[in-house]
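Trainee: I would like a close look at one part of this model, the charged side chains. Please take me through how they are placed and paired.

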Amino acid sequence: MSWACDFHSSLFPALFNYIPIFLRDHLIRHLWIVKPKTQAVDDILDELCAYKLRRREPFLAIGGGCVLDVAGMAACLYRRGVPFVRVPTTLLAIVDASVGVKNGVDYCCAGTDETYKNRVGSFYAPSACLLDPAFIASQDARNISNGLGEIIKLALVRSSDLFDLLEAHGKTLVETRFEDEALKQSGVSSRIIDQSIQIMLEELGPNLWESKLDRCVDYGHTFSKLLEMVPGADIMHGEAVNVDGFFCVIISHLRGYIDMETVNRIFACMKSLKLPTNSSDLQLDLAWQSCKDAIEHRHGEQRIPLITEIGESVCASDITEEELARALDVMAQFDH
């Protein structure tokens, strides 16, 4: 058995100290992933070759979204496919990276001298996924908010009930790291996680290989990609998704899909979750380039999800540069 652990996840030091002791005591060979994703794939493959992992022998991937991505990619490549088990340790990974069959790594292209986010990847399912919400309490508040960035995305496009739960209890969940006893006893904490995973399964299951590219789960994933790739940017994935998501809320409002009361309600909920709603890097050139990249990635059309009310969405493919400029002007008027 070979284990892969994510050194960059925000686990408390006590847990980091415990894991290697456990692995050593149980004579389990393991690899700490501390390098960029593309190099980490090579490291895992080297370790699997050295271990002589058999064709039907699984290995465990324990960590956040990055480690689950690289482990899935390595599992797909080694011997043309070996089983692996996902063990997500972050809220973001529990509700996002642990669901579905996609694995991806960033690619540094020698021809263009640019780095492309998740440009290289595979569709390869794990043989199992082990979810333990106890890991959530091992994170700091920022990482929990980061995970909630993906959860509120799902609420906006698919579930007004989930949004209501976040609106009422999100602030407490962040402050207590999902450990508030009253919310645990009432089932609120588990409902939020369970509903998020269920929505992802319902959306991804019938479209596992993405033959249909109009996907509501792509909400927040149009402009966030370039935001995350800005050199030196201090922004996490769920944070970038939320900035993108609020930008799309403004676009929806300008199109007449939602009223300002709804915009303000969403804004207040995002702020209560301690999520950023704007970024100094979100400028017109980046926004318009994101639309161009979307056309390339989504086979000739923008296919940008926009909400028509909380819990409902449509995909738009006719967003103009002028529309983006107006949205940025409106967005700047909020007290971020």
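Mentor: Start with arginine 55, which is found in the loop between helix 2 (37-51) and strand 3 (59-63). Helices (H or I, at least four residues) and strands (E, at least two) are DSSP runs, numbered from the N terminus. This is a predicted model: local features need pLDDT of at least 70, side-chain atom pairs count only at pLDDT 80 or more, and totals for chains, interfaces and linings use all residues. Residues are numbered from 1 along each chain as its sequence is written, and side-chain values use heavy atoms, with hydrogens and water left out.

Arginine 55 is partly exposed, with a relative accessible area of 42%. The classes are buried (under 20% relative accessible area), exposed (over 50%) and partly exposed in between, with a 1.4 Å probe and protein chains only. Arginine 55 belongs to a surface patch of positive charge, together with Lys52, Arg56, Arg79 and Arg80. Patch members have over 30% relative accessible area and no salt bridge; like charges are joined within 9 Å. Lys and Arg count as positive. The place of a charge is NZ of Lys or CZ of Arg. Areas come from the Shrake-Rupley method with a 1.4 Å probe.

Now the pairs. Side chains of opposite charge can pair when their charged atoms come close. A salt bridge is a side-chain nitrogen of Lys or Arg within 4 Å of a carboxyl oxygen of Asp or Glu. The count comes to 19 salt bridges.

Take glutamate 150 and lysine 153. Their closest N and O atoms are 2.8 Å apart. Both residues lie in helix 5 (residues 141-158), 3 residues apart, about one turn of the helix.

Arginine 265 is partly exposed at 32% relative accessible area. Aspartate 164 is partly exposed too, at 36%.

Next, arginine 255 bridges to glutamate 323, with the closest N and O atoms 2.5 Å apart. Arginine 255 lies in the loop between helix 10 (237-254) and helix 11, and glutamate 323 in helix 13 (residues 321-331), so the pair ties together parts that are 68 residues apart in sequence. Arginine 255 is partly exposed, at 22% relative accessible area. Glutamate 323 counts as buried at 7%.

Finally, a network of salt bridges links Lys102, Glu210, Arg215 and Asp218.

Notes. Patches are made of residues with over 30% relative accessible area and no salt bridge: like charges are joined within 9 Å, nonpolar side chains (Val, Leu, Ile, Met, Phe, Trp, Tyr) within 5 Å.
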